[in-house]
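The following note sets out points for a colleague examining the model shown here.

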Amino acid sequence: MKKIILILAVLFSFACMSFNIAYGADNIEIKLQINSNVMNIGSENKTLDSAPVIVNGRTLVPIRAVIESMGGSVQWDSNTRTAVLGYKNDTISLTVDSTAAYYNDEESFLDTAPMIIEGRTMLPIRFIAEKFGFLTQWNPDTQTITITKQAESEQEINPQTAEENSKDDVSDKKVLVAYFTWSGNTEEMAEYIAEQTNGDLYKIEPKTPYPNEYNKCGEVAKVERDDNVRPEIANLPDNIDEYDTIYIGYPIWWHTAPMIIGTFLESSDFSGADIYPFTQSASMDTEQFENSMKFIKDCAKNANVHDGLFTQPDDINKIDDYIQK
Ligand SMILES: Cc1cc2nc3c(=O)[nH]c(=O)nc-3n(C[C@H](O)[C@H](O)[C@H](O)COP(=O)(O)O)c2cc1C
(Lines give C-alpha, C1' and ligand atoms only; values in the text may rest on other atoms or scores of the structure.)
Protein backbone atom coordinates (compact mmCIF):
# COMPACT_ATOMS: atom_id res chain seq x y z
CA MET A 1 0.00 0.00 0.00
CA LYS A 2 2.82 2.35 1.01
CA LYS A 3 4.47 1.59 -2.35
CA ILE A 4 1.29 2.52 -4.27
CA ILE A 5 0.97 5.80 -2.35
CA LEU A 6 4.62 6.58 -3.12
CA ILE A 7 4.15 5.86 -6.85
CA LEU A 8 0.98 8.02 -6.91
CA ALA A 9 2.85 10.84 -5.14
CA VAL A 10 5.69 10.69 -7.69
CA LEU A 11 3.23 10.64 -10.60
CA PHE A 12 1.34 13.57 -9.08
CA SER A 13 4.49 15.64 -8.70
CA PHE A 14 5.43 14.95 -12.36
CA ALA A 15 1.92 15.97 -13.43
CA CYS A 16 2.28 19.21 -11.46
CA MET A 17 5.66 19.89 -13.03
CA SER A 18 4.40 19.54 -16.59
CA PHE A 19 1.28 21.56 -15.70
CA ASN A 20 3.53 24.34 -14.41
CA ILE A 21 5.68 24.38 -17.54
CA ALA A 22 2.78 24.11 -19.95
CA TYR A 23 0.60 26.74 -18.35
CA GLY A 24 3.18 29.25 -17.33
CA ALA A 25 2.93 29.04 -13.58
CA ASP A 26 6.76 29.19 -13.56
CA ASN A 27 9.14 31.56 -15.27
CA ILE A 28 10.91 29.87 -18.16
CA GLU A 29 14.42 30.72 -19.30
CA ILE A 30 16.12 28.69 -22.00
CA LYS A 31 19.59 29.41 -23.32
CA LEU A 32 20.98 28.09 -26.57
CA GLN A 33 24.43 28.71 -27.90
CA ILE A 34 25.57 28.53 -31.51
CA ASN A 35 27.58 25.36 -32.21
CA SER A 36 26.95 23.99 -28.70
CA ASN A 37 24.85 20.89 -28.00
CA VAL A 38 24.13 22.01 -24.45
CA MET A 39 20.80 23.69 -23.81
CA ASN A 40 20.41 25.43 -20.51
CA ILE A 41 16.92 25.46 -18.94
CA GLY A 42 16.98 27.46 -15.73
CA SER A 43 19.60 25.67 -13.65
CA GLU A 44 19.47 22.42 -15.67
CA ASN A 45 21.40 21.38 -18.74
CA LYS A 46 20.07 19.19 -21.53
CA THR A 47 21.96 17.74 -24.49
CA LEU A 48 20.57 18.51 -27.92
CA ASP A 49 20.68 16.11 -30.90
CA SER A 50 22.56 18.77 -32.81
CA ALA A 51 23.85 22.27 -32.11
CA PRO A 52 22.04 25.48 -33.15
CA VAL A 53 23.48 27.10 -36.27
CA ILE A 54 23.18 30.46 -37.96
CA VAL A 55 21.99 30.46 -41.56
CA ASN A 56 21.40 33.73 -43.37
CA GLY A 57 21.47 35.61 -40.07
CA ARG A 58 18.86 33.38 -38.41
CA THR A 59 19.34 30.87 -35.63
CA LEU A 60 18.06 27.41 -36.53
CA VAL A 61 17.65 24.78 -33.82
CA PRO A 62 16.65 21.11 -33.57
CA ILE A 63 13.18 21.86 -32.32
CA ARG A 64 11.88 18.89 -30.32
CA ALA A 65 13.90 19.36 -27.13
CA VAL A 66 13.51 23.14 -27.29
CA ILE A 67 9.76 23.24 -27.79
CA GLU A 68 9.20 20.60 -25.12
CA SER A 69 11.24 22.69 -22.68
CA MET A 70 9.02 25.63 -23.55
CA GLY A 71 5.99 23.52 -22.60
CA GLY A 72 4.88 22.82 -26.16
CA SER A 73 4.83 19.83 -28.47
CA VAL A 74 5.80 18.89 -32.00
CA GLN A 75 4.36 16.53 -34.59
CA TRP A 76 6.27 15.62 -37.70
CA ASP A 77 4.60 14.70 -40.99
CA SER A 78 7.29 12.95 -43.03
CA ASN A 79 5.19 12.92 -46.24
CA THR A 80 4.93 16.69 -46.42
CA ARG A 81 8.11 17.29 -44.34
CA THR A 82 6.06 19.59 -42.14
CA ALA A 83 6.52 20.19 -38.42
CA VAL A 84 3.39 21.20 -36.54
CA LEU A 85 4.25 22.83 -33.23
CA GLY A 86 1.66 23.27 -30.52
CA TYR A 87 1.72 25.61 -27.56
CA LYS A 88 -1.42 26.10 -25.47
CA ASN A 89 -4.17 26.62 -28.07
CA ASP A 90 -1.91 27.82 -30.87
CA THR A 91 -0.09 26.02 -33.64
CA ILE A 92 2.75 26.86 -35.96
CA SER A 93 3.26 24.89 -39.10
CA LEU A 94 6.63 24.94 -40.88
CA THR A 95 7.75 22.97 -43.91
CA VAL A 96 11.29 22.06 -44.84
CA ASP A 97 12.67 24.24 -47.66
CA SER A 98 9.59 26.46 -47.67
CA THR A 99 9.58 30.06 -46.49
CA ALA A 100 5.81 30.03 -45.97
CA ALA A 101 4.98 29.65 -42.27
CA TYR A 102 1.59 29.44 -40.58
CA TYR A 103 0.71 30.66 -37.11
CA ASN A 104 -2.79 29.22 -36.75
CA ASP A 105 -4.34 30.51 -40.02
CA GLU A 106 -2.07 33.50 -40.40
CA GLU A 107 0.52 33.15 -43.17
CA SER A 108 3.97 34.72 -42.86
CA PHE A 109 7.12 34.47 -44.93
CA LEU A 110 10.41 33.56 -43.32
CA ASP A 111 13.66 34.89 -44.66
CA THR A 112 15.32 31.55 -43.87
CA ALA A 113 13.39 28.36 -44.60
CA PRO A 114 13.49 25.38 -42.25
CA MET A 115 16.08 22.94 -43.51
CA ILE A 116 17.56 19.53 -42.92
CA ILE A 117 21.18 19.68 -41.80
CA GLU A 118 23.04 16.41 -41.29
CA GLY A 119 19.74 14.53 -41.09
CA ARG A 120 18.19 16.84 -38.47
CA THR A 121 15.30 19.18 -39.12
CA MET A 122 16.39 22.67 -38.09
CA LEU A 123 13.77 25.36 -37.49
CA PRO A 124 13.99 29.14 -36.97
CA ILE A 125 13.72 29.59 -33.22
CA ARG A 126 13.06 33.31 -33.03
CA PHE A 127 9.96 33.11 -35.23
CA ILE A 128 8.58 30.21 -33.21
CA ALA A 129 9.33 31.63 -29.78
CA GLU A 130 7.95 35.08 -30.54
CA LYS A 131 4.76 33.77 -32.17
CA PHE A 132 4.15 31.74 -29.02
CA GLY A 133 4.59 34.85 -26.88
CA PHE A 134 8.13 34.30 -25.61
CA LEU A 135 10.81 36.96 -25.61
CA THR A 136 14.08 36.25 -27.37
CA GLN A 137 17.37 38.04 -26.85
CA TRP A 138 20.54 37.59 -28.83
CA ASN A 139 23.97 38.13 -27.32
CA PRO A 140 26.49 38.48 -30.17
CA ASP A 141 29.49 38.24 -27.83
CA THR A 142 28.58 34.84 -26.43
CA GLN A 143 26.57 33.79 -29.54
CA THR A 144 23.72 32.91 -27.21
CA ILE A 145 19.99 33.17 -27.74
CA THR A 146 17.90 33.40 -24.57
CA ILE A 147 14.20 32.56 -24.66
CA THR A 148 12.15 33.73 -21.72
CA LYS A 149 8.59 33.74 -20.53
CA GLN A 150 7.44 35.18 -17.28
CA ALA A 151 4.79 33.47 -15.19
CA GLU A 152 1.45 34.74 -16.44
CA SER A 153 0.68 36.72 -13.29
CA GLU A 154 3.99 38.60 -13.64
CA GLN A 155 3.99 38.85 -17.40
CA GLU A 156 4.35 42.32 -18.76
CA ILE A 157 5.85 42.43 -22.21
CA ASN A 158 7.42 45.74 -23.03
CA PRO A 159 6.39 46.37 -26.65
CA GLN A 160 9.53 48.41 -27.26
CA THR A 161 11.74 45.48 -26.24
CA ALA A 162 9.68 43.04 -28.26
CA GLU A 163 10.04 45.25 -31.32
CA GLU A 164 13.78 45.66 -30.86
CA ASN A 165 14.21 41.97 -30.35
CA SER A 166 12.32 41.07 -33.48
CA LYS A 167 15.25 42.41 -35.47
CA ASP A 168 18.06 40.25 -36.78
CA ASP A 169 19.63 37.58 -34.59
CA VAL A 170 23.17 38.38 -35.53
CA SER A 171 23.50 42.14 -35.39
CA ASP A 172 21.37 45.12 -34.56
CA LYS A 173 21.00 46.00 -38.24
CA LYS A 174 19.13 43.87 -40.69
CA VAL A 175 20.53 44.25 -44.19
CA LEU A 176 18.78 43.81 -47.50
CA VAL A 177 20.67 43.84 -50.78
CA ALA A 178 18.03 44.54 -53.43
CA TYR A 179 18.98 44.83 -57.06
CA PHE A 180 17.72 44.96 -60.59
CA THR A 181 19.81 43.67 -63.48
CA TRP A 182 19.22 43.06 -67.15
CA SER A 183 22.47 41.46 -68.23
CA GLY A 184 24.03 40.35 -64.92
CA ASN A 185 26.63 43.02 -64.06
CA THR A 186 24.70 44.51 -61.15
CA GLU A 187 23.99 41.00 -59.93
CA GLU A 188 27.71 40.34 -59.60
CA MET A 189 28.07 43.38 -57.32
CA ALA A 190 24.93 42.55 -55.37
CA GLU A 191 26.04 39.00 -54.63
CA TYR A 192 29.40 40.20 -53.39
CA ILE A 193 27.86 42.93 -51.19
CA ALA A 194 25.33 40.48 -49.71
CA GLU A 195 28.11 38.04 -48.91
CA GLN A 196 30.26 40.69 -47.24
CA THR A 197 27.46 42.32 -45.26
CA ASN A 198 25.64 39.09 -44.39
CA GLY A 199 22.63 40.71 -46.04
CA ASP A 200 19.59 39.08 -47.59
CA LEU A 201 19.77 39.11 -51.37
CA TYR A 202 16.67 40.12 -53.30
CA LYS A 203 16.47 40.32 -57.09
CA ILE A 204 13.78 42.70 -58.32
CA GLU A 205 11.86 40.98 -61.12
CA PRO A 206 9.53 42.97 -63.38
CA LYS A 207 6.01 41.60 -63.81
CA THR A 208 6.41 42.09 -67.56
CA PRO A 209 9.93 40.96 -68.43
CA TYR A 210 12.04 43.34 -70.50
CA PRO A 211 12.82 42.20 -74.09
CA ASN A 212 16.02 40.17 -74.43
CA GLU A 213 17.10 42.14 -77.45
CA TYR A 214 19.14 45.24 -76.49
CA ASN A 215 17.49 47.80 -78.79
CA LYS A 216 13.98 46.57 -78.00
CA CYS A 217 14.74 46.71 -74.29
CA GLY A 218 16.08 50.23 -74.84
CA GLU A 219 12.83 51.31 -76.52
CA VAL A 220 10.67 50.02 -73.66
CA ALA A 221 12.97 51.55 -71.04
CA LYS A 222 12.99 54.93 -72.80
CA VAL A 223 9.19 55.16 -72.85
CA GLU A 224 9.14 54.25 -69.17
CA ARG A 225 11.67 56.95 -68.33
CA ASP A 226 10.00 59.63 -70.49
CA ASP A 227 6.57 58.91 -68.96
CA ASN A 228 7.96 58.42 -65.43
CA VAL A 229 6.28 54.99 -65.33
CA ARG A 230 6.48 52.67 -62.31
CA PRO A 231 6.66 49.15 -63.85
CA GLU A 232 5.08 46.50 -61.63
CA ILE A 233 7.30 44.18 -59.61
CA ALA A 234 6.48 40.46 -59.77
CA ASN A 235 8.08 39.40 -56.48
CA LEU A 236 7.75 42.21 -53.94
CA PRO A 237 8.43 40.78 -50.45
CA ASP A 238 5.99 41.85 -47.74
CA ASN A 239 8.62 42.11 -44.99
CA ILE A 240 10.71 44.95 -46.40
CA ASP A 241 9.95 47.20 -43.45
CA GLU A 242 11.94 44.79 -41.25
CA TYR A 243 15.17 46.04 -42.82
CA ASP A 244 17.08 49.04 -41.47
CA THR A 245 19.86 49.02 -44.07
CA ILE A 246 19.13 48.62 -47.75
CA TYR A 247 21.71 48.41 -50.51
CA ILE A 248 19.96 49.08 -53.80
CA GLY A 249 21.72 48.12 -57.02
CA TYR A 250 20.89 48.93 -60.62
CA PRO A 251 22.46 49.62 -64.04
CA ILE A 252 22.26 53.11 -65.53
CA TRP A 253 19.44 53.17 -68.07
CA TRP A 254 18.86 56.21 -70.20
CA HIS A 255 21.09 58.45 -68.07
CA THR A 256 19.38 57.58 -64.79
CA ALA A 257 18.14 54.58 -62.77
CA PRO A 258 15.64 52.15 -64.33
CA MET A 259 12.10 53.20 -63.39
CA ILE A 260 11.48 49.88 -61.61
CA ILE A 261 13.87 51.10 -58.91
CA GLY A 262 11.32 53.85 -58.30
CA THR A 263 8.59 51.20 -58.00
CA PHE A 264 10.63 49.41 -55.35
CA LEU A 265 11.49 52.53 -53.34
CA GLU A 266 7.91 53.78 -53.39
CA SER A 267 6.45 50.39 -52.46
CA SER A 268 7.28 50.61 -48.74
CA ASP A 269 7.74 53.17 -46.05
CA PHE A 270 11.51 53.47 -45.78
CA SER A 271 11.35 56.27 -43.18
CA GLY A 272 14.54 56.23 -41.16
CA ALA A 273 16.13 53.41 -43.15
CA ASP A 274 19.70 53.78 -44.41
CA ILE A 275 19.82 53.39 -48.17
CA TYR A 276 23.07 52.75 -50.04
CA PRO A 277 22.76 52.90 -53.85
CA PHE A 278 25.30 51.07 -56.03
CA THR A 279 25.45 51.16 -59.78
CA GLN A 280 27.56 50.84 -62.94
CA SER A 281 27.08 51.50 -66.63
CA ALA A 282 28.63 51.15 -70.06
CA SER A 283 29.98 54.73 -70.21
CA MET A 284 30.60 55.26 -66.49
CA ASP A 285 29.44 58.83 -66.96
CA THR A 286 29.27 60.54 -63.55
CA GLU A 287 26.53 62.96 -64.55
CA GLN A 288 24.26 60.01 -65.34
CA PHE A 289 25.14 58.53 -61.96
CA GLU A 290 24.22 61.82 -60.25
CA ASN A 291 20.88 61.87 -62.10
CA SER A 292 20.21 58.39 -60.77
CA MET A 293 21.04 59.52 -57.21
CA LYS A 294 18.58 62.37 -57.48
CA PHE A 295 15.94 59.91 -58.68
CA ILE A 296 16.62 57.60 -55.71
CA LYS A 297 16.36 60.51 -53.24
CA ASP A 298 13.08 61.67 -54.79
CA CYS A 299 11.58 58.18 -54.55
CA ALA A 300 12.82 57.26 -51.05
CA LYS A 301 11.56 60.47 -49.47
CA ASN A 302 11.98 59.87 -45.75
CA ALA A 303 14.93 57.54 -45.96
CA ASN A 304 18.50 58.39 -45.16
CA VAL A 305 20.02 58.04 -48.67
CA HIS A 306 23.81 57.82 -48.43
CA ASP A 307 26.35 58.69 -51.12
CA GLY A 308 26.17 56.02 -53.79
CA LEU A 309 28.82 53.72 -55.21
CA PHE A 310 29.55 54.07 -58.92
CA THR A 311 32.18 51.59 -59.98
CA GLN A 312 33.00 48.67 -62.22
CA PRO A 313 31.46 45.42 -60.91
CA ASP A 314 34.88 43.78 -60.53
CA ASP A 315 36.46 46.65 -58.56
CA ILE A 316 36.47 44.77 -55.28
CA ASN A 317 38.63 47.35 -53.48
CA LYS A 318 36.17 50.13 -54.13
CA ILE A 319 33.24 47.95 -53.15
CA ASP A 320 35.02 46.90 -49.94
CA ASP A 321 35.78 50.53 -49.08
CA TYR A 322 32.18 51.48 -49.65
CA ILE A 323 30.63 48.80 -47.47
CA GLN A 324 33.14 49.32 -44.67
CA LYS A 325 32.42 53.04 -44.42
C1 LIG B 1 17.79 49.86 -71.62
C2 LIG B 1 19.21 50.20 -71.42
C3 LIG B 1 19.60 51.53 -71.31
C4 LIG B 1 20.93 51.86 -71.06
N5 LIG B 1 21.28 53.17 -70.91
C6 LIG B 1 22.57 53.49 -70.63
C7 LIG B 1 22.97 54.83 -70.42
O8 LIG B 1 22.16 55.77 -70.47
N9 LIG B 1 24.27 55.08 -70.15
C10 LIG B 1 25.21 54.10 -70.08
O11 LIG B 1 26.36 54.40 -69.84
N12 LIG B 1 24.85 52.80 -70.25
C13 LIG B 1 23.56 52.47 -70.52
N14 LIG B 1 23.19 51.16 -70.66
C15 LIG B 1 24.21 50.11 -70.49
C16 LIG B 1 24.14 49.51 -69.08
O17 LIG B 1 24.21 50.49 -68.08
C18 LIG B 1 25.28 48.54 -68.89
O19 LIG B 1 25.27 47.58 -69.91
C20 LIG B 1 25.25 47.84 -67.55
O21 LIG B 1 26.48 47.20 -67.32
C22 LIG B 1 24.13 46.81 -67.47
O23 LIG B 1 24.03 46.32 -66.17
P24 LIG B 1 23.26 44.94 -65.87
O25 LIG B 1 24.15 43.84 -66.48
O26 LIG B 1 23.21 44.83 -64.41
O27 LIG B 1 21.94 44.98 -66.53
C28 LIG B 1 21.89 50.84 -70.96
C29 LIG B 1 21.51 49.50 -71.08
C30 LIG B 1 20.19 49.19 -71.35
C31 LIG B 1 19.77 47.75 -71.49
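**Note on contacts, packing and backbone**

1. Apart from its neighbours within four places in sequence, Ala-65 is in contact with Met-39, Lys-46 and Leu-48; two residues are in contact if their C-beta atoms, placed from the backbone, lie within 7 Å. Between Ala-65 and Lys-46, which are 19 residues apart along the chain, the C-alpha separation is 8.3 Å. Ala-65 belongs to helix H2 (residues 63–70). Helices (H or I, at least four residues) and strands (E, at least two) are DSSP runs, numbered from the N terminus. With 18 other C-beta atoms within 10 Å, Ala-65 is partly exposed. A residue is buried if 20 or more other C-beta atoms lie within 10 Å of its own, exposed if 12 or fewer, and partly exposed in between, with C-beta atoms placed from the backbone.

2. On the basis of the model: residues are numbered from 1 along each chain as its sequence is written. The model is predicted, so local features need pLDDT of at least 70 and side-chain atom pairs count only at pLDDT 80 or more, while totals for chains, interfaces and linings use all residues.

3. The protein chain has nine helices and 20 strands. Of its 325 residues, 32% count as buried. Among contacts in the protein chain with a separation of 6 or more, 64% are between residues 24 or more positions apart.

4. The largest nonpolar core has 39 residues, of which Val-177, Ala-178, Ile-248, Ile-261, Ile-275, Ile-296 and Ala-300 touch the most other members. Such a core is a set of buried Ala, Val, Leu, Ile, Met, Phe, Trp, Tyr and Cys residues joined through C-beta atoms within 7 Å. At least two residues of this core come from each of strand E15 (175–179), helix H5 (185–197), strand E17 (245–251), helix H7 (259–266), strand E18 (274–280), helix H8 (286–299) and strand E20 (309–310). A second, separate core of 27 residues includes Leu-32, Leu-60, Val-61 and Phe-134.

5. Which residues are in contact with Ile-296, leaving aside its neighbours within four places in sequence? They are Ile-248, Ala-257, Ile-261, Leu-265, Pro-277 and Val-305.

6. Helix H7 is largely enclosed by the rest of the structure, because seven of its eight residues are buried. These are Met-259, Ile-260, Ile-261, Gly-262, Thr-263, Phe-264 and Leu-265. The cover over the buried residues of H7 includes E15, helix H6 (214–226), E17 and H8.

7. The axes of H7 and H8 come within 9 Å and cross at roughly 25 degrees; axes are lines fitted to C-alpha atoms, for helices over the stretch in contact, and angles run from 0 to 180 degrees between N-to-C directions. The two helices, H7 and H8, are therefore roughly parallel to each other, a term used for angles under 35 degrees. Ile-261, Gly-262, Leu-265 and Glu-266 of H7 make the contact with Phe-295, Ile-296 and Cys-299 of H8.

8. Two loop residues deserve a look at the backbone. Arg-81, in the loop between strand E6 (73–77) and strand E7 (82–87), has a phi near 55 degrees, a positive value in a residue other than glycine. Asn-198, in the loop between H5 and strand E16 (200–203), has a positive phi near 60 degrees and is likewise a residue other than glycine. Most residues other than glycine have a negative phi. Arg-81 counts as partly exposed, with 15 C-beta neighbours inside 10 Å, and Asn-198 counts as partly exposed with 16.

Key. Angles under 35 degrees count as roughly parallel, over 145 as roughly antiparallel, 65 to 115 as roughly perpendicular and the rest as oblique.
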